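Biologist: Please take one part of this structure, the open sheet of the longer chain, and describe it closely, together with the elements that surround it and the partner chain.

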Amino acid sequence: MDRVGIIGIAQTKYARYNPASHAELAYEVTVRALEDAGLTIEDIDNTVTVCNDFWDGRTISCMTITEATGSHRVPTTNVEGDGTYGALMGLMHLLSGIHEIALVVAQSKVSEGIPSVITNAMFDPVYERVLGLDAINSAALQMRSYMSKYGISEEQCARVSVKNHKNAKANPYAHLPMDITVDDVLKSRVLADPIKLLDTSPISDGACAIIMARERTAKKRHARPIWIRGVGHCTDLYHLGDRDLTEAPALALAAKKAYKMAGIHNPLKQIDVAEVYDAFSYMELMWIESLGFCEPGHAGEIVDSGMTEMNGALPVNPSGGVLAAHAVQVAGLARIAEVVLQLRGEAASRQVEGARVGLAHGIEGACGQGHCVFILEK
Amino acid sequence: MSEWVEVSNTGTLLTYTVTRYAVPSIQPQKPPFALGIIKLDGADTGMVHLLGEVELSAIRVGMRVKAVFEEVRQGSYLDIRYFKPLEI
């Protein structure tokens with residue numbers, strides 16, 4: 001694969017409510033990503049927006065951020081899905097050979113609208129929506145399933161939340177930097193057993209943008225491109241009852257493809273830092289199993305051992321992850337931006353020392369139906 | 001794909017949760033209410049549905065359950081009112 005490098009990034013601070021409009025959020029990260037890349041909007045020859053009509057409350061909502069992203073000047077595509085898929089589209093635009101520099105912008109204001117109603121609409125209208133399924137209680141079905149099969153405890157899941165909220169204290173963009181204990185998590189309000197408030201990601205407004213360029217342009221225009229070495233994506237079956245909710249075969253397949261492209265045979269040894277989509281605490285455990293960081297069912301022992309802590313062998317979510325900030329559709333692109341910061345050595349007090357190879361992961365759909373994995377390298 | 005296969009109205013509970021927050025516009029019952037994935041005897045896959053006539057704290061993975069049908073059918077998924085524990 002031709003090399004494509006990420007040469008600009010920007011994120012807003014994530015917050016429970018940001019008074020900026022969708023367009024203002026998109027504009028902020030567009031301007032700042034251009035500054036970060038040392039480019040002007042005229043240098044961008046194609047854009048990808050990441051917008052979803054249900055979350056934005058408008059039909060073809062991507063159209064409303066056209067001006068804010070400078071998309072009225074160039075070919076532009078919208079990706080309705082996690083930000084990692086927006087980055088994937090940008091990558092494909094560049095690999096087509098038709099474009100040189102892509103701007104990818106994701107924005108979302110989860111503060112507008114009722115997340116339960118919006119996520120209820122993900123489900124089948126005849127067989128599932130009528131049951132009052134939404135993102136939280138469907139995840140609870142998965143969490144119970146996974147815990148029951150492997151004997152993973154609520155304490156082990158809670159440890160993920162403790163770790164990530166603590167990590168978030170070093171991330172100026174994070175919505176929920178917090179010092180909490182396992183006990184705090186276990187005592188937090190039960191939303192849908194076994195999911196408690198502190199097992200859950202917050203409602204966040206925010207935006208993220210990345211600029212990527214083909215190798216010859218990346219090298220010419222920027223001192224430190226971060227290279228996309230591998231990418232993979234795959235989607236599991238749709239109806240919850242058709243899936244084995246104790247595992248993520250789609251993630252395993254996505255990771256396999258990304259690893260193959262990137263020449264990763266031993267993820268634990270070769271990956272220095274990982275940002276994964278922990279919409280709920282238990283998900284980080286499930287995802288690291290399917291990423292091959294440990295055997296299925298053993299992620300509980302891994303989090304107990306401290307391997308994924310900041311000073312562990314493979315830090316996971318030094319940014320605080322999605323548990324610390326969840327602007328839907330933005331959060332996967334934010335994972336990519338965070339890994340870029342790590343590999344540039346610009347992650348300040350959340351820096352993983354000497355990070356050269358990083359993994360960024362995004363999900364979409366109920367219970368992580370779809371997965372997208374990026375391997376980035378210095 | 002076009003042949004009907006008869007399955008039982010009894011099955012095994014693969015997983016469950018009790019929803020404890022209220023979103024009246026989408027929820028079929030006032031919380032707390034229980035949802036589960038049931039694998040009917042004879043079926044290859046599971047179906048998500050409500051659980052009823054059961055102590056919420058007594059629900060267990062692996063429980064045997066039985067469908068309870070509405071008297072008057074409307075052509076809705078909720079013509080199955082819920083699944084209840086199967087008495088042995």
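Modeller: Among contacts in chain A between residues at least 6 apart in sequence, 77% join residues at least 24 apart. The model is a predicted one. Chain A contains 14 helices and 11 strands, and 62% of its 378 residues count as buried. Its C-alpha trace spans about 55 × 45 × 35 Å along the principal axes. The radius of gyration of chain A is 19 Å, which agrees with the value near 21 Å that a compact globule of 378 residues would have.

The sheet itself is open and has nine strands, in the order E3-E2-E4-E7-E1-E8-E11-E10-E9 of chain A, with mixed pairing. Its edges are strand E3 (76-79) and strand E9 (273-275) of chain A, each of which pairs on one side only. With direction ignored, neighbouring strands of this sheet are turned by 25° against each other on average.

Several pairings can be followed along that order. E4(A) and E7(A) are joined in the antiparallel sense over nine bridges. In E7(A), A:Gly206 is the residue that stands opposite A:Ser108. Further along, strand E8 (residues 226-235) of chain A pairs with E11(A), again in the antiparallel sense, over eight bridges. Here A:Val231 has A:Phe374 of E11(A) opposite it.

E11(A) also pairs with E10(A): the two run antiparallel and are joined by eight bridges. A:Glu364 stands opposite A:Gly370 in E11(A). E10(A) and E11(A) form a hairpin with five residues between the strands, and in this hairpin A:Gly365 takes a positive phi near 85°.

The buried residues of H1(A) pack against strand E1 (4-11), helix H2 (53-56), strand E4 (101-109) and strand E7 (205-214) of chain A. Among those buried residues are A:Leu25, A:Ala26, A:Tyr27, A:Val29, A:Ala33 and A:Leu34, and the list also includes A:His22, A:Glu28 and A:Asp36. The length of this helix can be checked: at 1.5 Å a residue, the 16 residues of helix H1 (residues 22-37) of chain A should span 22 Å, and the end C-alpha atoms are 23 Å apart, which agrees. H1(A) is followed by A:Gly38, which has a positive phi near 70°.

Just after H11(A), A:Gly292 has a positive phi of about 85°.

The partner chain is next. Chain B has zero helices and five strands, and its pattern along the sequence is β-β-β-β-β. The radius of gyration of chain B is 13 Å, close to the 12 Å that the globule rule gives for 88 residues, so chain B is as compact as a globular protein of that length. Its C-alpha atoms fill a box of roughly 40 × 30 × 25 Å along the principal axes. In chain B, 31% of the 88 residues are buried. Of the contacts in chain B with a separation of 6 or more, 47% are between residues 24 or more positions apart.

Where the chains meet, 26 residues of chain A are in contact with 24 residues of chain B. On the side of chain A that touches chain B, the elements giving two or more residues are helix H4 (115-120), helix H5 (135-150) and strand E5 (190-192) of chain A. H5(A) gives the most to this side, with six residues. By type, the residues of chain A on this side divide into 14 nonpolar, seven polar and five charged.

Conventions:
Residues are numbered from 1 along each chain as its sequence is written. Chains are lettered from A and ligands numbered from 1 in the order in which they are written. This is a predicted model: local features need pLDDT of at least 70, side-chain atom pairs count only at pLDDT 80 or more; totals for chains, interfaces and linings use all residues. Two residues are in contact if their C-beta atoms, placed from the backbone, lie within 7 Å. Helices (H or I, at least four residues) and strands (E, at least two) are DSSP runs, numbered from the N terminus. Ala, Val, Leu, Ile, Met, Phe, Trp, Tyr, Cys and Pro count as nonpolar, Asp, Glu, Lys and Arg as charged, and the others, Gly among them, as polar. The expected span of a helix is 1.5 Å times one less than its number of residues. A residue is buried if 20 or more other C-beta atoms lie within 10 Å of its own, exposed if 12 or fewer, and partly exposed in between; C-beta atoms are placed from the backbone. Two strands pair if DSSP finds at least two bridges between them. Axes are lines fitted to C-alpha atoms, for helices over the stretch in contact, and angles run from 0 to 180 degrees between N-to-C directions. The radius of gyration is taken over C-alpha atoms; the globule rule is 2.2 Å times the number of residues to the power 0.38.
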